[in-house]
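Let's take a walk through a protein together. Have the sequence and the 3D view ready, and follow along.

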Amino acid sequence: MTKKNININADLDDVLDRVFAESARRAIAAPEVYRLTADNSRLLTQYVESALHDLRTRMGGYVTLWSFNPNSETRNVVIQLKLVHPASAGLDDIMRDALVELLAYYALMRFYGDDSTYYGTAWRKYRAQLMLVLARDQAALAQ
């Protein structure tokens with residue numbers, strides 16, 4: 001079954017867990033590096049919100065619903081996109097996974113810096129993956 005609406009629902013906890021895991025890995029490899037923990041959640045949440053604003057600008061023409069509520073228990077990030085062509089089943093799950101990685105790497109990049117880490121590259125990679133879905137949709141529109 002195909003559909004034209006993509007609903008991306010992500011939990012902020014999943015993003016933060018990814019950030020904490022990567023930060024712990026980095027701190028093991030280089031003990032002088034500050035390790036991010038739940039104590040840093042408020043700052044990291046602000047970074048996640050910045051990443052969402054950047055992404056919203058890029059996806060603007062496709063967005064029909066956008067919600068970020070860090071006070072909610074689940075589904076803190078909700079994005080609904082309207083595509084021109086039918087999307088394959090499961091695409092929303094693939095996009096959710098890419099979104100979680102994108103948000104986590106953006107927060108890591110903002111904290112540790114883009115110049116000294118690979119987090120900026122990883123953020124741009126996952127952002128490009130999400131944008132490719134929309135590029136494919138534009139190609140379908142042109143046909």
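Predicted model: local features only at pLDDT ≥ 70, side-chain atom pairs only at ≥ 80, totals over all residues.

In soluble globular proteins, nonpolar side chains tend to be buried together. Here, the largest nonpolar core has 48 residues. The ones with the most contacts inside it are Leu 52, Met 59, Leu 81, Met 95, Leu 99 and Leu 103. Elements that give two or more residues to this core include the strands β1 (3-10) and β3 (77-87), along with the helices α1 (12-29) and α3 (91-112). Which element gives the most? That's α3, with 14 residues.

Now zoom in on Leu 103. Leaving aside neighbours within four places in sequence, Leu 103 is in contact with Val 15, Val 48, Ala 51, Leu 52 and Val 77.

The crossing of α1 past α3 is right-handed. Among the residues that meet here are Val 15 and Val 19 in α1, and Leu 103 and Leu 108 in α3.

Finally, find Asn 76, in the loop between β2 and β3. Is Asn 76 buried or exposed? Its relative accessibility is 2%, and buried means under 20%, so Asn 76 counts as buried. A polar atom of its side chain lies 2.9 Å from the backbone nitrogen of Leu 12, and a side-chain polar atom of Asn 76 also lies 2.6 Å from the backbone oxygen of Ser 72. Not counting residues up to four places away in sequence, Asn 76 touches several others, including Ala 10, Asp 13, Phe 68 and Pro 70.

Note on methods. Residues numbered from 1 in each chain as written. Heavy atoms only, no water. Core = buried A, V, L, I, M, F, W, Y, C linked by side-chain atoms within 4.5 Å. Buried < 20%, exposed > 50% of the residue type's maximum accessible area, 1.4 Å probe, protein only. Helix = DSSP H or I, 4+ residues; strand = E, 2+ residues; numbered from the N terminus. Contact = heavy atoms within 4.5 Å. Polar contact = N/O pair within 3.5 Å; in protein donor to acceptor, adjacent residues only side chain to side chain. Left-handed = near helix turned anticlockwise from the far one by under 90°.
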